[in-house]
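Thank you for making time this morning. I would like to walk you through one part of a model, slowly, so please have the sequence and the structure on your screens.

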Amino acid sequence: MKKIREEKYSSTRYSNVHHEFVLVFLSAHVAPVDHPVSSGLVLSSDQFFRGLIMEYRIQAHCEQIDWSRVRDCLKEAGMAHFEPERHQKAFDKSFAVIFVFHEGTMIGFGRALSDGAYQAAIYDVAVLPEFQKRGVGKLIMAHLLEKLSRCNVILYANPGKEGFY
């Protein structure tokens, strides 16, 4: 895996909270290596992209999210899903969130709840079926675990989805 380039972006949500996301361009035509991304996040590229050149945009906030798409992604991934407003409320109240986009389309996401001190739980990690087994789930989990680095973490998963993790 070869990093072609990395672009860092930032935005301010509300008046005092700063969020960053990174657009990473990778080529899977060379031997795997690790890629540092935004705030110490490391993407392990051992199974990324299966020989394709892919472009992902990482967003670590809830601004401009299509909540109907979140519901649809959960449904397509075979997970519990509710009305879009309910998902928006859950993600807005989460300690950490991540959304992954490919060519402008949301392809995966996840969220975590935490007291910020020593306890946390990960919920709603979903990747569209056509993007599974390409490292997107690893990217989502790496981001969430990095945000929870000082916490004991519980992962909630639907029965039958254990192999995803």
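Let me begin with a term: two strands are said to pair if DSSP finds at least two bridges between them, and the strands themselves are DSSP runs (E, at least two residues), as helices are (H or I, at least four), numbered from the N terminus. What you see is a predicted model, in which local features need pLDDT of at least 70 and side-chain atom pairs count only at pLDDT 80 or more, while totals for chains, interfaces and linings use all residues. Residues are numbered from 1 along each chain as its sequence is written, and side-chain values use heavy atoms, with hydrogens and water left out.

Turning to the strands, β6 and β7 pair in the antiparallel sense over 7 bridges, and Thr105 in β7 is the bridge partner of His102. Their hairpin has 2 residues between the strands, and there Glu103 takes a positive phi near 50 degrees. On to β8, which pairs with β7, again in the antiparallel sense, over 6 bridges; this hairpin has 4 residues between its strands, with Gly116 in the turn at a positive phi of about 80 degrees.
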